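Visitor: I would like to learn how to read a few features of a structure. Could you take me through them one at a time?

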Amino acid sequence: MNFTKFQCVSGKHTQLKQVYKMTLSDFQTVSFSAGETIFREGEQGDCSYVIIAGNVSVHKKGEGKQIKLAELGSNQMIGEMGLVSPGHRTASVTAITDCDLLLIEQSQFTRRRSELDPVMKMVFDVILTRFRNTLHSMGNEDYDGSANTYVTSEMTKALSQLQLETEIRRGVSVGEFELHYQPIVCLKTGKLSGAEGLMRWNHPTRGLLPPSEFIPTAEAGNLIFDLTQIAIDQACQELQEFGIASLKNIDNNNPLFVTLNVSGRDLEHDRFYDRVCKNLTDYGLQPGSLKLEVTETSLMNDVETCREKLSHLKERGVGIAIDDFGTGYSSMSYLAKLPLSTLKIDRSFIVEMSESFQARKIVKAILRLADELDLTVVAEGIESGEEARYLRDLNCTYGQGFLYSEAVPLVQFKKLIKNWNSHREYQNFSGKTAAIG
């Protein structure tokens with residue numbers, strides 16, 4: 001496993017104090033030369049290390065001499081109890097060879113642990129506390145270090161996530177994230193009405209990455225708010241460029257909107273509402289220009305807080321959509337609780353319409369419900385003219401999918417705006433419904 005080094009420190013344990021003073025949100029890489037002590041038994045410890053490269057010796061005082069407990073190497077962890085309950089180290093660790101270590105501070109661990117179920121937290125704490133007490137009380141001959149000498153697949157996954165978090169932070173700081181836009185089309189007229197902004201990561205070694213490659217890690221590492229703010233800032237700025245591009249298309253020069261996905265963490269963040277409102281003011285956006293999409297899972301932690309913030313945003317002219325409607329267990333309850341303006345039908349229903357009678361019934365029911373509630377509907381995942389015709393005949397407002405275009409960079413999307421031919425697009429799906437009856 002390769003680890004990018006953002007901060008290297010060579011020297012004894014005391015030299016790490018400079019590293020500790022740096023921002024707690026950054027994972028640091030520290031280096032030790034062969035023979036150096038990484039930490040000593042009895043001294044205070046509030047951090048842990050993952051061995052990136054090299055080997056270390058774990059040893060403990062006993063009967064007037066140092067007794068070796070274990071020899072550890074790449075991808076193994078040392079000092080883990082410093083994360084659980086900071087206190088005196090129960091053993092000493094010395095570098096056998098030159099070593100590179102990934103530093104994990106208690107604050108980084110505490111946040112993750114705070115998100116566990118209360119029962120899981122209790123069991124976790126009891127197990128680890130008893131482990132520390134056992135280390136204190138065991139005799140030298142009773143411990144051979146075997147508890148520290150294995151690497152599981154879960155540890156490998158955790159290490160990969162820690163590294164990816166570090167790379168995301170760096171990517172945010174140097175501007176590697178950008179929006180790509182997928183057209184949203186009026187099914188009745190064929191006109192280009194807006195676009196969904198989808199985040200992409202221009203990774204320096206892995207190329208262009210889709211959200212599935214980094215959003216879960218950003219969520220787990222509490223980085224999602226940073227990415228959402230990048231998306232909102234870019235969308236508000238680039239909406240102005242959409243307007244300029246549309247002026248060059250007489251056939252399709254109506255104002256366009258952008259929809260963006262937001263998470264429950266975004267809605268719970270103290271600065272989220274103020275940041276969105278500031279963008280609306282700074283860029284002079286018209287009501288309806290910006291729409292925010294939320295999913296059922298993102299609302300489950302605190303529906304009331306989300307409802308309050310979304311209500312304020314709707315009052316400022318921000319559209320609110322439920323994404324992937326129909327896929328959750330309680331989507332219907334959110335229709336009564338949230339200030340919605342749009343429903344997005346999950347692509348799974350659209351894909352299955354041609355073969356599944358039940359999928360067609362569900363789509364019809366959602367469209368009838370939206371009509372009763374005066375909500376617009378966007379059907380995701382349209383890939384054929386037959387699907388578009390069927391949805392149009394059921395009075396679905398908008399369509400989105402590969403039939404029109406994949407998500408493309410800003411420059412390419414502006415070309416789409418300039419060259420969009422609503423008559424041609426309408427003719428692509430203007431015949432009678434055939435394949436989907």
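This is a predicted model: local features need pLDDT of at least 70, side-chain atom pairs count only at pLDDT 80 or more; totals for chains, interfaces and linings use all residues.

Visitor: How many residues line the second largest pocket, and which lie nearest its centre?

Guide: The lining has 23 residues. P211, I215, I224, N261 and V262 lie nearest the centre. Next, look at the elements. Those giving two or more residues to this lining are β12 (192-203), α6 (215-220), α7 (224-246) and β14 (257-261).

Visitor: Which element gives the most to the lining of the second largest pocket?

Guide: That is α7, with five residues. Now sort the lining by class. There are 12 nonpolar, seven polar and four charged residues.

Visitor: Helices next. At what angle do α9 and α11 pack?

Guide: Read two values for a helix pair: the angle and the axis separation. Helix α9 spans residues 272-282, and helix α11 spans residues 303-315. They pack at about 10°, and their axes are 11 Å apart. Angles under 35 degrees count as roughly parallel, so α9 is roughly parallel to α11.

Visitor: Which residues make the contact of α9 with α11?

Guide: From α9 come F272, Y273, V276 and C277. From α11 come K309, H312 and L313. By class, this contact has five nonpolar, one polar and one charged residues.

Visitor: How many aromatic pairs does a search of the whole structure find?

Guide: Eight. Take F177 and F214, one of these pairs. For a ring pair, read the distance between centres and the angle between planes. The ring centres of F177 and F214 are 5.3 Å apart, with the planes at 65°.

Visitor: Why is the pair of F177 and F214 edge-to-face?

Guide: Planes over 60 degrees apart count as edge-to-face, and the planes of F177 and F214 are at 65°, so this pair qualifies. The pair also links distant parts of the chain. F177 is in strand β11 (residues 177-186), while F214 is in the loop between β13 (207-209) and α6. They are 37 residues apart.

Visitor: One last residue. Where is E406 found?

Guide: In the loop between β19 (398-399) and α16 (410-419). Now set sequence against space. E406 and Y181 are 225 residues apart along the chain, yet their C-alpha atoms are separated by 8.0 Å.

Visitor: Leaving aside neighbours within four places in sequence, which residues is E406 in contact with?

Guide: Y181, Q182 and P183.

Technical notes. Residues are numbered from 1 along each chain as its sequence is written. Side-chain values use heavy atoms; hydrogens and water are left out. On a 1 Å grid over the protein atoms alone, a cavity is a set of points where a 1.4 Å probe fits but cannot get out, and a pocket is an open set with protein on both sides within 12 Å along at least five of seven lines; lining residues have an atom within 4 Å of a point. Helices (H or I, at least four residues) and strands (E, at least two) are DSSP runs, numbered from the N terminus. Ala, Val, Leu, Ile, Met, Phe, Trp, Tyr, Cys and Pro count as nonpolar, Asp, Glu, Lys and Arg as charged, and the others, Gly among them, as polar. Axes are lines fitted to C-alpha atoms, for helices over the stretch in contact, and angles run from 0 to 180 degrees between N-to-C directions. Angles under 35 degrees count as roughly parallel, over 145 as roughly antiparallel, 65 to 115 as roughly perpendicular and the rest as oblique. Contact means heavy atoms within 4.5 Å. Rings of Phe, Tyr and Trp (its six-membered ring) pair if their centres lie within 6.5 Å; planes under 30 degrees apart count as stacked, over 60 as edge-to-face and the rest as tilted.
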